[in-house]
Amino acid sequence: MDDDEYAKLIRRMNPPRVVIDNNACDDATVIQVDSVNKHGTLLEVVQVLTDTNLVIKKAYISSDGGWFMDVFKVIDQFGQKIRDTQVLDYIQRRIESNAGWFVPPLRSSVGVMPSDEYTAIELAGTDRPGLLSEVSAVLTDLHCNVVNAEIWTHNTRAAAVIHVTDHSTNSAITDLIRLSTIKELLCNVVRTNSGSRAAKTVFSSSDTHRERRLHQIMFDDRDYEYEGVKRASPSASRPNVTLMNIDKDYTVVTMRSKDRPKLVFDVVCTLTDMQYVVFHGMVSTEPVEAYQEFYIRHVDGLPINSEAEQERVIQCLEAAIERRASEGLELELLAEDRVGLLSDITRTFRENSLTIVRAEISTREGKAKDTFYVTDVTGNPVESKIVESIRKEIGVSKLKVKNNEDCSVLGTSRPSQETTMGYLLSNIFKPKSHT
């Protein structure tokens with residue numbers, strides 16, 4: 001954990017080493033990473049894999065004795081090995097060049113961040129139907145074009161990171177008076193009906209990874225707390241998080257949940273920002289269930305001892321898993337980008353009584369590609385006739401319904417109070433048998 005000059009020298013003398021093997025496993029690419037250990041190393045590696053849209057099927061983690069060794073079995077989004085040498089070279093360069101392994105600390109501010117290409121706006125407040133539509137309308141009225149955005153909702157809270165440009169210049173907004181106006185008007189929108197936990201609005205200059213920043217915003221907004229909120233009844237689709245201590249040396253955290261992309265990143269991100277260090281761990285996914293097991297301590301070297309701390313960790317990990325859960329109907333918009341497009345689309349959703357529970361907005365070379373997860377205003381599935389009506393209004397060729405498979409039953413292949421490091425060691429590189 002030390003950041004003294006000697007520790008920095010050791011890391012410079014021992015940069016990360018990456019070995020990529022496409023022959024060790026029949027159905028996945030194996031990536032091994034070795035480096036001097038520092039708090040946040042695991043998150044940095046997982047973030048690189050996640051940003052490259054790789055799916056982690058299995059992983060083995062070990063970082064005792066000041067040295068970090070990770071083995072990942074990964075596939076692409078189509079379930080295949082990674083054959084593209086450019087992608088493999090990029091992963092190796094990205095990890096090996098990041099010798100500093102600097103991880104920015106958790107921030108608690110929410111506001112507007114100017115940059116050269118765009119202005120990044122961070123929002124947090126109480127979720128309600130039509131919130132994104134109102135935010136989009138304000139930005140359109142202020143002649144701002146949304147070029148990228150991500151919006152999460154969880155437990156009555158909402159968080160967003162939105163990148164906008166000036167319509168007239170197609171670049172960042174630099175005028176301080178105009179930035180102040182944008183901030184004030186957006187804060188008024190988010191503050192409406194926000195109750196006791198009103199949105200914070202300050203200028204900031206964070207360059208934290210966008211999805212990590214969303215976790216931080218919602219964590220700071222305490223979306224993991226359910227006081228006064230009726231918690232959904234336990235079900236097979238909800239994550240199952242348990243903790244137990246091993247010989248007063250480690251706390252073992254086990255998590256079972258429905259598998260989905262970026263699941264490992266969300267868990268490791270939360271543990272890192274809560275100041276816990278993963279010393280050993282394993283990840284294993286099946287067609288339906290994902291299983292994760294981590295041996296952790298706090299950065300002060302102690303395991304989790306109090307019941308209150310245990311309960312808080314469980315709540316925060318459950319929230320981290322649930323924030324990105326693909327609840328709702330997935331709709332994909334492909335259209336020519338223009339100022340006000342997001343405002344028009346979200347207004348149409350609102351007028352048809354749809355609620356956006358999560359959204360990813362992106363534009364490239366004049367094309368908009370937006371993904372929305374929607375429910376009705378009560379949180380129930382959307383009626384097909386409403387969806388078809390919306391598609392006709394927006395354009396059937398522009399708005400498509402994606403395939404949402406409802407895998408509500410989780411497997412129970414592993415005993416509930418048993419660690420599985422031995423299982424991983426014997427199976428992670430086990431080749432598939434041929435008949």
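The dialogue below concerns how to read confidence, strand pairing and helix packing in a predicted model.

Visitor: What is the average pLDDT of the protein chain?

Guide: The chain averages a pLDDT of 83, and 79% of the residues score at least 70. Over residues 99-110, however, the pLDDT is below 50, although this stretch has 42 contacts in the model beyond near neighbours in sequence. Residues 405-418 also have a pLDDT below 50, with 27 such contacts. Where pLDDT is low, the predicted coordinates should not be read in detail.

Visitor: Which strands pair with strand 10?

Guide: In a regular strand the side chains alternate between the two faces of the sheet. Here, strand 10 covers residues 250-258, and eight of its nine residues are buried. Strand 9 (residues 240-246) pairs with strand 10 in the antiparallel sense over seven bridges. Strand 12 (residues 289-298) also runs antiparallel to strand 10, joined by eight bridges. R256 of strand 10 is the bridge partner of N240, and R256 also stands opposite Y291 in strand 12.

Visitor: How many residues lie between strand 9 and strand 10 in their hairpin?

Guide: Three residues lie between them, and D247 in the turn has a positive phi of about 50°.

Visitor: How do the axes of helix 2 and helix 3 cross, and at what angle?

Guide: Two packed helices are described by the angle between their axes and the distance between the axes. The axes of helix 2 (residues 41-51) and helix 3 (residues 85-97) come within 10 Å and cross at roughly 155°. Helix 2 and helix 3 are therefore roughly antiparallel to each other, and the crossing is right-handed. The contact involves V45, Q47, V48, L49 and D51 of helix 2, together with I91, R94 and I95 of helix 3.

How values were computed:
Residues are numbered from 1 along each chain as its sequence is written. This is a predicted model: local features need pLDDT of at least 70, side-chain atom pairs count only at pLDDT 80 or more; totals for chains, interfaces and linings use all residues. Side-chain values use heavy atoms; hydrogens and water are left out. pLDDT is the predictor's confidence in each residue, from 0 to 100. Contact means heavy atoms within 4.5 Å. Buried means under 20% relative accessible area, exposed over 50%, partly exposed in between (1.4 Å probe, protein chains only). Helices (H or I, at least four residues) and strands (E, at least two) are DSSP runs, numbered from the N terminus. Two strands pair if DSSP finds at least two bridges between them. Axes are lines fitted to C-alpha atoms, for helices over the stretch in contact, and angles run from 0 to 180 degrees between N-to-C directions. Angles under 35 degrees count as roughly parallel, over 145 as roughly antiparallel, 65 to 115 as roughly perpendicular and the rest as oblique. A crossing is left-handed if the near helix is turned anticlockwise from the far one by less than a right angle, and right-handed if clockwise.
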